[in-house]
Amino acid sequence: MSSAIALFGSSRRHGNTGQLVDHIAAKLDIEVVDLGLLRMSPYDYEHQNRTDDFEPLMKRVLNVDHIIVASPVYWYSVSPPVKIFLDRISDYLDIPELLEEGRRLRGKAGYIACTSIYESAPTPFVGALMDTFAYLGMRFGGMVHANCREGYSRSIHESEVAAFAGLISAPRNAVLKP
């Protein structure tokens, strides 16, 4: 089993992005966390929300090497549950007793799995996630995008998903051929 987790956020669990992330998870034998089912409050400068589901989830995330962020493209950005999760990582940068744990994100690999009606993922969407990974000291491991103008098709997207899964399951220093 890969040391990976998929963090999924969408309005439809079994919509296009849900099908994509389930396809990836089946290839890698990994857990998919539906962020929309968790009780996570938006970022709070006073940190009055520490009893919600965010910190227990982060403990799980910090115990893997590969973190897949799976979201449809919503107005050139990630879905609201993914945005809340990403914003809440600030807790691990702001709260003194969590800071050392937050530093454990350094060196981990961040990946993007997304769907849209476009041929490729919009630059602002990808850029925001890549910048987030870089800010956290994570390396960008790669991405998969599925054009779902006609819906998600497991057979049509098989080669893309297989190549993406290979990025995660390959040894870190492996040279992958296109």
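His47 has a relative accessibility of 19%, so it counts as buried (buried means under 20% relative accessible area, exposed over 50%, and partly exposed in between, with a 1.4 Å probe and protein chains only). His47 sits in the loop between strand S2 (31-34) and H2; helices (H or I, at least four residues) and strands (E, at least two) are DSSP runs numbered from the N terminus. Although His47 is not a glycine, its phi is positive, at about 55°.

Trp75 also deserves a look: its phi is positive too, at about 50°, and it is not a glycine either. Trp75 belongs to the loop between strand S3 (66-72) and H3. With a relative accessible area of 80%, Trp75 is exposed.

## How to read the model

This is a predicted model, in which local features need pLDDT of at least 70 and side-chain atom pairs count only at pLDDT 80 or more, while totals for chains, interfaces and linings use all residues. Residues are numbered from 1 along each chain as its sequence is written, and side-chain values use heavy atoms, with hydrogens and water left out.

## Aromatic pairs

How many aromatic pairs does the structure hold? There are 6 aromatic pairs, where rings of Phe, Tyr and Trp (its six-membered ring) pair if their centres lie within 6.5 Å, and planes under 30 degrees apart count as stacked, over 60 as edge-to-face and the rest as tilted. One of them joins Tyr43 and Tyr45 edge-to-face, with 5.0 Å from centre to centre and 80° between the planes. Tyr43 is partly exposed at 22% relative accessibility, whereas Tyr45 is exposed, with a relative accessible area of 71%.

Phe54 and Phe85 make a tilted pair, because their ring centres are 5.6 Å apart and their planes lie at 55°. Phe54 is in helix H2 (residues 54-61) and Phe85 in helix H3 (residues 80-88), so this pair ties together parts that are 31 residues apart in sequence. Phe54 and Phe85 are both buried. Tyr92 joins in as well: ring pairs link Phe54, Phe85 and Tyr92 into a cluster.

## A charge over a ring

Which residue lies over the face of Phe8? Arg13 does, at 4.8 Å from the ring centre. For such a placement, NZ of Lys or CZ of Arg must be within 6 Å of the ring centre and within 35 degrees of the ring normal.

Trp75 returns here, together with Tyr76, Ile117 and Tyr118, in a nonpolar surface patch of about 510 Å². Patches are made of residues with over 30% relative accessible area and no salt bridge, joining like charges within 9 Å and nonpolar side chains (Val, Leu, Ile, Met, Phe, Trp, Tyr) within 5 Å. A salt bridge is a side-chain nitrogen of Lys or Arg within 4 Å of a carboxyl oxygen of Asp or Glu, and accessible areas come from the Shrake-Rupley method with a 1.4 Å probe, where for residues only the protein chains shown count as cover.

Tyr118 lies in the loop between strand S4 (109-116) and helix H6 (123-135). At 33% relative accessibility, Tyr118 is partly exposed.

## A threonine contact

Thr115 is part of strand S4, and it is buried, at 4% relative accessibility. Its side chain meets that of Thr17 in a polar contact of 2.5 Å (a pair of N or O atoms within 3.5 Å; within protein, one must be able to donate a hydrogen and the other to accept it, and residues adjacent in sequence count only if both atoms are side-chain atoms).
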